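Walk through this model with the coordinates open.

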Amino acid sequence: AAAEVSERDCDVLVIGGGPAGSTVATLLAERGHRVTLLEKDHHPRFHIGESLLPANLQLFDKLGVGDEMRAIGIEKHAAEFVSPDHDCTQTFRFADAWDKSMPYAYQVRRSEFDHILLRNAARKGAEVIEGCKVKDVEFHADGASVAAEREDGRRERWQARFVIDASGRDTFLANRMRAKHRNPHHNSSALYGHFANAKRHCGSAEGNISIYWFEHGWFWFIPLADGATSVGAVTWPYYMKRRNGRSLDAFLLDTIALCPPLAERLGEARLVSDVHATGNFSYTTDHTHGDHYLLLGDAYAFIDPVFSSGVMLAMQGAFYGAEAVDTCLRQPAQKRAALARFDKAARHGPRQFSWFIYRMTNPTMRDLFMGPRNPLRVKDALISLLAGDIYGKTPIWASLAVF
Ligand code: FAD
């Protein structure tokens, strides 16, 4: 027999407790709204996306989790890029960015990072329910009816004035609305794991990220605070088909061998985690919101992670989303204008990074990236982009127009 459905209500129902969901739940609870966040998993849980941007740090401080993040992160002062077609390593130091107030970021284990943000949401007054999966959302004139199921089969229903989809790459609402579009320019796959005993840089450079382009895509090398190093390959669409029955572990190790400078840093290293793979990479959704919902973070769009932008975009989008939802709930007459402002901000980040990443597939643009000339302040602007400084007043786009 079907389990009984219990009915409850809230102002805002958030689907998903990743960085986007936890951030927006925190901000709306702080503003006095009754927020319920449903997370299908239990934190701490593994998630990929371990390299943060300097622009994230000010968001941590606004959320009140700056000290907790400092305790779990290793400082990342620069991003270095190695390309087989160029005989130099290009190192972009965040201290050299246009805006000097963002000199470093952190590399983190996402299990710890996401758990801090989720706990913070609960501490600030959101009702957080883990092990509870949203199954259905029906919109009506006053909001939405949300059906969810607990792990033990119990079913629950919430009447919410507003729904925020922060379900990540599950893209809960976009799938149901058939509004998701794959990006043919970034249709890659990824393969990744953690290594012990990788050759890391010394001193303050230890936590820097390295990106290695190779024939079939690019690799990341992300040092974590506990000594493990995250290594992953993002490969062009055809490459995964070459696996030919090999285990994921063997396939990752064989792929690393195709990139000698990375293989050299992993010569003494051993794999200490499961190897994961993700396919069908990049997408966007044709809208960011409706009358009673909005889409945040990966639930709206996902772009190639070569510049480590995902978490920053998800969290910054959540700040804009909280502003919009607060206005919708308190000042219904301002709803249209608030959602239009959100729409503009939500599209801005993925669009700018995507525009730039697409240019990196062009060899001439890659040359410019690997040897930027500073008279036009191209290098300063590039570092600012890599730092995530894309929402403020720094005039980077005039310089980046050379791309
Ligand atoms: P998520 O972090 O995915 O959170 C969504 C949450 O929703 C999950 O906890 C999920 O369990 C929950 N959920 C889903 N469906 C439901 C449901 N029906 N009911 C309840 N809960 C649900 N970003 C970076 O910043 N730096 C990087 O170095 C980086 N590297 C990456 C490498 C790879 C290979 C990939 C794939 C991504 C990478 N990213 C990186 C991107 C980053 O992981 C994401 O952009 C970021 O996690 C988005 O946050 P989010 O909150 O939108 O979604």
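Which residue forms a salt bridge with R109? D226 does, with the closest N and O atoms 2.7 Å apart. A salt bridge here is a side-chain nitrogen of Lys or Arg within 4 Å of a carboxyl oxygen of Asp or Glu. This is a predicted model, in which local features need pLDDT of at least 70, side-chain atom pairs count only at pLDDT 80 or more, and totals for chains, interfaces and linings use all residues. Residues are numbered from 1 along each chain as its sequence is written, and side-chain values use heavy atoms, leaving out hydrogens and water.

Now the domains. The assignment, which is automatic or from a database, gives domain 1 (5–73 + 107–181 + 282–366) and domain 2 (188–278). Their centres, taken over C-alpha atoms, lie 28 Å apart. Domain 1 puts 16 residues into the contact and domain 2 puts in 20; contact means heavy atoms within 4.5 Å. About 1,500 Å² is buried between them, 62% of it from carbon and sulfur atoms. Buried area is the accessible area (1.4 Å probe) that two parts lose on being put together, summed over both. The count between the two domains is 1 salt bridge.

Next, the interior. A nonpolar core is a set of buried Ala, Val, Leu, Ile, Met, Phe, Trp, Tyr and Cys residues joined through side-chain atoms within 4.5 Å. Buried means under 20% relative accessible area (1.4 Å probe, protein chains only). The largest core has 45 residues; F81, F307, F353, F356, F369 and F403 touch the most other members. Helix 11 supplies the largest share, 7 residues. Beyond its neighbours within four places in sequence, F403 contacts residues including W355, F356, M360 and L382.

S309 sits in the loop between strand 21 and helix 8. S309 is buried, at 1% relative accessible area. Not counting residues up to four places away, S309 touches L53, I303 and F353.

Turn to helix 2 (residues 55–63), where A55, N56, L57, L59, F60 and L63 are buried. These pack against several elements, among them helix 1 (19–30) and helix 8 (310–330). Helices (H or I, at least four residues) and strands (E, at least two) are DSSP runs, numbered from the N terminus. Just after helix 2, G64 has a positive phi of about 85 degrees.

Three strands form an open antiparallel sheet in the order 11-18-21. Strands 11 (180–182) and 21 (301–302) are at the edges with a single partner each, so one side of each has no neighbour in the sheet. Pairing requires at least two DSSP bridges; strand 18 (residues 283–285) and strand 21 pair over 2. There, Y283 stands opposite F302.

Key
Buried < 20%, exposed > 50% of the residue type's maximum accessible area, 1.4 Å probe, protein only.
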